[in-house]
Structures are given as C-alpha cells and as structure tokens.
Amino acid sequence: MQSSFLLMSGALLARRISGIQRFASRNMSTASGALRTGSSPRIAIAQMRSTNDKDHNMAQVKTIIQRAKDQQAIFVFFPECCDYVGSNREETLKLSEPLTGRTVAEYKQLAKDNGLWLSMGGVHESIAESDSKSKTGDVQNIYNTHIVIDNEGQLVAQYRKLHMFNVVTPEFKFRESETVRSGSELVPPIETPIGRVGLQICYDVRFAEASTLLRKQGAEILTYPSAFAVSTGRAHWEVLLRARAIENQCFVIAAAQIGFHNKKRESYGHAMVVNPWGVILGQASQQDLDVVVVDLDFGKLANVRQNMPCFEHRRDDIYNLSYRKGTAKLENFDEKYNFGGYDIPKDTVFYSSELCYAFVNIRCVVPGHVLVSTKRWAARMPDLTPAEINDFFQTVCKVQKVAESLYGGSSATVTVQDGPDAGQTVFHVHCHVMPRHQGDFPENDQIYGELNMHDKEPERPRRSLEEMRAEADRFREEFARMGL
C-alpha cells in the first residue's frame, strides 16, 4: 500500500514496525480498563406514579432524592416519564420542553444542591427543528431522552430511545412513534463514580444486541428506566431484566413507573436491580412511591467475568456484532489516531466509526483522494477481525458516497494494496478512495501508475496542514448535509 506521508528506507521501516507493535500492545493492554474489584458503590432506584401534573411529579422526585440521600446513596435512578405522562398526544406534545427548559434545569439544581448523580430515565424532549413545528408554533414531535446529570449539576450524557413501542396485544394497542421520534445512535457507556453505565430505555430491553454492544464497549451497568405496561410486565419484565444481566455479565438497574397515570394508561412497577449472576438485589414494593437502596458489589462482577469469561468465548470468526453509527463531528473525536506509527492530526480526520476512521491525504492523485484505515493496528487485510472487516467496508462505502458528492464525481476508484508486492509501504491496512470524472486520465487505468508513484517522487509537493484541515472541514460538512 502506498504511504500518503513518506517512503521509508528498509532500516526506518524496521524501526517503524517495531514502534507500531509497541503502539498496538499499549492499546490492547488498556482497552478494557480495570474492573472496580472491592468497590461497592451505593445507588438508589425510584418507583413513582407520574401524571400530567408536572409540579406533583417534581415533588415526587424531590422526595425520592431526599430519601436516597438520607441512606447515603451517591447515584439515583428515575424511571421513564419522570417528568410527566400526558393524557393524550396533544397534551404530551404541549407539556414537552427542550433539555434547556425549566424541568431539566430544576433536575440539575437538585443534583448540585444534594451532591448526587441523577439518571432521569426518559424525559419528553421537544424537537426544536423548524420542520417539527406547525404554523402556530406547536411541537409536532419529541424525543424520549434518558439524561444523566452529575453531582455538580452538569448534563453529562443524553440518549434518545432507539426502539419505538408500537404494539398490539389482546389487552391494549400503543404506537409510540405517533408522538416520539426515534433516536439515531447508541451512546457509548459513560464513566461515573459507580462504574461505566450504558443507557437504554424501557422497550429497548427486548433488543439484546444493543446491550451486548454496550458491554463490548465497556459497560458494567445497564439501565432500563421504564413505564412498562401491566400485561407485558407480568409476562416479561423480570425475565428480560435478568436475561440482560446474565448474558452481558452486568448489573441491570431498572427504575419503574407504577399504577394508573390516567384512565387509559397503567404501569407495572416492580423497579429492581439485578446483579451479573441474575440475582435480584432489590425490588420495590407495590407503593406508588418507593425507593430501593442497593450496594453494587464489583467484586461479584469481577468474579463472574473471570470464572465464566463469556465474551472471550464469543465466536467472532462465525458471527459478530458491530456498531454501524459513526460521527463526522470534530468535537466527538476524543481519541488519538495512529496510522502505521504516524500520529494523524485530529483535525484532518473527518469521520470516525467504532473501529475505523477516514482522513485527508497529504499527496493526492486526484482531488478528493482520501484514506480509510483501522483504529487498531493491523498490517494486512487477513489480520482484521470480522467486526473490523464489516466496519471497514461500511466506512469505505460512506466515504466514497460523500467524496463523489463533494467533488462531483460520477464514479470512484477504491483500492487496497495488500502486502509489499502489491505496493504496500505503510504496514497498516488502509483504503484509497479517489473520486473520478470522465476523461480525468488519458487511459482509465493510468490512475494505478499514478498511485504507485504519488509518494515516491520528491518533486510532488506535500499539501500544507492548513489546506488539509480545510478539506477535512468540507468533508465533515458534507457528511452532515447528507445525514451520514
């Protein structure tokens, strides 16, 4: 494969490969992080009965926080719809607020005043986009958003529910999507004083793949704040929560709504915490307002994972799960990007997925010539895991689509040179993506000769860092415009 940065001599190449191996070793040794053996942080989970009276609901929140604080909990988990439950679609939309609104502001102040972390497990977030409002200014859609607030009153995470509860059972019919717009991403686990917390909401519990991806990303705790229907709750609530805990070897925390919210809607309750072995550590009573306080034994979590290392036994060569959503937002690029031992400036990266990233080129064969590489060092294609292969080619296809759009290309040359006899000079898997136009070379295949020589001829000037940054900005803008 052709280096986009430098042609190395044999001696330099040997030193560079040695450096790459050290780099890969460091990454592998720190990727999983240390489990909190011996730690037993105290949490509280809430059970409440929200109505369309937001002030009454806030009073319940305050009571629960005080009870949790009195019992020395450091993190309090509230259920879905902790802000309110509307009586109909119109009222649900009318009562909604943005995350900058009065209700979330009061949650933040409560967290700060009491020195507690809060998980508010599904507030009705109004959508501020211009096309989401009618001519009268009424909100037309909302998100069901799980927010986490730290003990200083800062909003540190937000997850918008992915799976819409559109169901028909003998007992009832419900279509969440008539009011709620589904989210667009699975939020990686967040680091908190009680461990790495994965955020989900209610109906998400039926989709085991999402929880497994969160575990693969480092989750130690999975959260399912809920307003579970009574009929499905009786049949499935406990078994689903215990299953998610057992299969992912995580604590599961499920705050819950209970009782009649209005004449048409009733929730099952039974807020609970489950340990990684599937044991219920605590469960709420049948009271409308209850608080369950539990100590999370991370020694138990460590023992379960050590004695039965299920995630080491997964057959990724036969099946695998990968997270398909990437980001083109510079502020979300919070890691270092190393390409064959060379550090890539973060502001020249324009797309980052779970396992791969795309960045602009220092010497281009054609305008828009960019590279896609893997985050983990791998010398050649056969060294990639099935998950990396999946992610790599999905990323390449997205980048190709954006490059053709940005540069008005009608086609693209997409090529991987795998191994030194194929022209590889940087031993880190990467793909060249080059948008093409009719007649851009006298002979179409001439591009491969140009690719072979583009970083070997010293007279070909390198682009300035400013020029590369500007191009990366254009790519990020195009990703955003195309919704990729």
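Which element gives the largest share of the lining of the largest cavity? The report below answers this question after a short note on the model.

## Basis of the model

This is a predicted model, in which local features need pLDDT of at least 70 and side-chain atom pairs count only at pLDDT 80 or more, while totals for chains, interfaces and linings use all residues. Residues are numbered from 1 along each chain as its sequence is written, and side-chain values use heavy atoms, with hydrogens and water left out.

## The largest cavity

Rolling a probe the size of a water molecule over the atoms shows where empty space is left. The search uses a 1 Å grid over the protein atoms alone: a cavity is a set of points where a 1.4 Å probe fits but cannot get out, a pocket is an open set with protein on both sides within 12 Å along at least five of seven lines, and lining residues have an atom within 4 Å of a point. Grid points are joined across faces, edges and corners, and a volume is the space filled by probe spheres set on the points. The structure contains 3 cavities of 30 Å³ or more, and the largest cavity holds about 70 Å³ of space.

Residues lining the largest cavity include Lys-54, Asp-83, Ser-96, Tyr-107 and His-124. Helices (H or I, at least four residues) and strands (E, at least two) are DSSP runs, numbered from the N terminus. The largest share of this lining, 3 residues, comes from α4; α4 (102–114) and β3 each supply at least two residues. In the lining of the largest cavity, 6 residues are nonpolar, 3 polar and 3 charged. In this count Ala, Val, Leu, Ile, Met, Phe, Trp, Tyr, Cys and Pro are nonpolar, Asp, Glu, Lys and Arg are charged, and the others, Gly among them, are polar.

Val-139 belongs to the loop between β3 and β4. Val-139 is buried because its relative accessible area is 13%; buried means under 20% relative accessible area, exposed over 50%, and partly exposed in between (1.4 Å probe, protein chains only).

## The second largest pocket

The second largest pocket contains about 930 Å³ of space. Its lining has 38 residues, of which Phe-165, Lys-173, Phe-174, Arg-175 and Arg-265 lie nearest its centre. Elements that give two or more residues to this lining include α3 (89–95), β4 (142–149) and β13 (266–268).

Helix α6 gives the most to the lining of the second largest pocket, with 4 residues. By class, 14 of the lining residues are nonpolar, 12 polar and 12 charged.

## Salt bridges

There are 21 salt bridges in the structure, each being a side-chain nitrogen of Lys or Arg within 4 Å of a carboxyl oxygen of Asp or Glu. In one of them, Glu-125 pairs with Arg-160, with the closest N and O atoms 2.7 Å apart. This pair links distant parts of the chain, 35 residues apart: Glu-125 is in strand β3 and Arg-160 in strand β5 (residues 155–160). Glu-125 is buried, since its relative accessible area is 7%, whereas Arg-160 is partly exposed at 27%.

Arg-175, one of the residues nearest the centre of the second largest pocket, forms a salt bridge with Glu-178 (3.8 Å, N to O). Arg-175 is partly exposed, with a relative accessible area of 43%, and Glu-178 is partly exposed at 49%. Lys-62, Arg-102 and Glu-106 are joined in a network of salt bridges.

## Loop residues with positive phi

Most residues other than glycine have a negative phi, and most peptide bonds are trans. Gln-72 has a positive phi, near 65 degrees, and is not a glycine. Gln-72 lies in the loop between α2 (54–70) and β2 (75–78), and it is exposed, with a relative accessible area of 54%.

Cys-202 also has a positive phi, of about 45 degrees, although it is not a glycine. The loop between β9 (195–199) and α5 (208–216) holds Cys-202. Cys-202 counts as buried because its relative accessibility is 8%.
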